[in-house]
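Me: Could you walk me through reading a few local features of a protein model? I would like the general idea and then the case at hand.

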Amino acid sequence: MKIVISTFLLMLVTYLAFWPVSVEPVAWSAPKNQGFTGSFKSNQFLDHIEVTPLEGHEGPEAIVMDKQGTLYTATHDGWILKNKGDSWKEWVNTEGRPLGLAIDKDGSLVAADAFRGLLRINQDKQITLLSNSVNSSKIRYANDLDIASDGSVYFTDSSTKFGAKENGGTYPASLLDLNEHGGHGRLLKYVPATGETSLLLDQLNYANGVALDPQENFLLVNETGSYRVLKFWLKGDKEGTADVLIDNLPGFPDNISTGQNGRFWLGLPSPRSPILDKLSGSVELRKVIQRLPAFVRPKAVPYGHVVALDKDGKVLMSLQDPEGAYPITTGVLETSDKLYISSLVFDSVGYLEKSHIRSLIHKSMGPDSIEN
């Protein structure tokens with residue numbers, strides 16, 4: 001019996017130490033996590049969220065609204081759903097995994113589809129592939145986008161190594177990229193007039209959300225694996241360069257969107273992983289993590305958290321639900337009266353009445369930042 005146990009342990013150690021894995025981790029130094037303190041002090045403002053069911057679908061990654069007030073969201077099974085009143089209906093299926101959504105100037109929907117690339121869908125439900133490569137390099141994980149006044153589409157390719165389709169979906173692929181931390185993400189630009197796609201910024205650690213400044217002087221892009229938001233300059237002396245808008249976030253930044261009155265809304269779907277932070281400098285131990293069964297590896301923790309920032313990275317609001325009743329919050333669509341909250345996994349779209357949020361914040365923190 002001792003021989004059997006010893007043999008088993010030897011095989012286990014050998015497996016954990018030497019079994020080939022798809023990641024080649026890069027050593028880095030994760031900033032010390034300050035947690036939910038200061039501007040991110042824990043609260044329960046998202047406890048008051050209301051929901052509209054998706055009628056059999058889940059994972060409303062992003063939400064947009066057209067000029068007629070129609071809402072759109074995209075789900076795990078490839079469906080883009082439409083809400084003209086008080087319920088979600090199936091509209092069109094991309095046969096992929098649409099993530100980021102935006103409305104162009106003629107009312108068509110443009111989607112960053114993680115499996116297929118950049119898509120345009122007109123109101124007749126005709127799907128056109130706009131871009132699936134840049135400089136002969138395939139776009140393997142289109143994630144989020146925003147559209148400029150001239151029709152140019154700025155969008156992210158989260159990982160050139162860990163494609164969403166080839167690695168079992170968006171979530172498994174993201175975990176691989178975050179573990180490796182190899183700088184495989186990039187920011188791209190598609191120009192409709194020429195049909196050309198160009199590279200603006202690369203070597204990002206899981207490039208994610210994109211949001212344009214209303215004056216189009218800069219755009220913001222989330223670097224999920226480095227817990228930060230970058231400001232990429234489109235005009236001025238710094239054109240073509242990037243600064244850090246805010247870093248050392250207490251969670252993994254996902255989508256970012258342009259709100260009202262100069263606000264940008266950031267979704268933090270999960271708090272940071274203490275294990276990944278602690279092992280950021282250890283290449284071999286991160287390989288060991290990858291050899292463990294999937295249910296043991298670090299993963300997203302159910303938590304609700306969305307943040308409003310100004311153009312300089314100041315935190316205006318931090319709305320949280322530590323219990324994760326509406327979990328894995330990816331972002332926000334702000335309208336004149338509501339905050340619509342999206343989720344990576346939930347089977348409903350969440351929303352908050354801004355008047356109610358104003359009242360809650362006034363009671364606990366004094367004058368709030370949503371004045372209109």
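This is a predicted model: local features need pLDDT of at least 70, side-chain atom pairs count only at pLDDT 80 or more; totals for chains, interfaces and linings use all residues.

Me: Is Ser136 buried or exposed?

Reply: Buried means under 20% relative accessible area, exposed over 50%, and partly exposed in between (1.4 Å probe, protein chains only). Ser136 is exposed, at 79%, and its phi is positive, near 70 degrees.

Me: And Ile328, buried or exposed?

Reply: Ile328 is buried, with a relative accessibility of 5%. Ile328 also has a positive phi, about 50 degrees, although it is not a glycine.

Me: In which sense do β8 and β9 pair?

Reply: Strands are DSSP runs of E with at least two residues, helices are runs of H or I with at least four, and both are numbered from the N terminus. Two strands pair if DSSP finds at least two bridges between them. Here β8 (117-121) and β9 (127-131) pair in the antiparallel sense over 4 bridges, and Ile121 stands opposite Ile127.

Me: Which side chain does Gln290 join through a polar contact?

Reply: Such a contact is a pair of N or O atoms within 3.5 Å; within protein, one must be able to donate a hydrogen and the other to accept it, and residues adjacent in sequence count only if both atoms are side-chain atoms. Gln290, in helix α4 (283-291), joins Asn179 at 2.9 Å.

Technical notes:
Residues are numbered from 1 along each chain as its sequence is written. Side-chain values use heavy atoms; hydrogens and water are left out.
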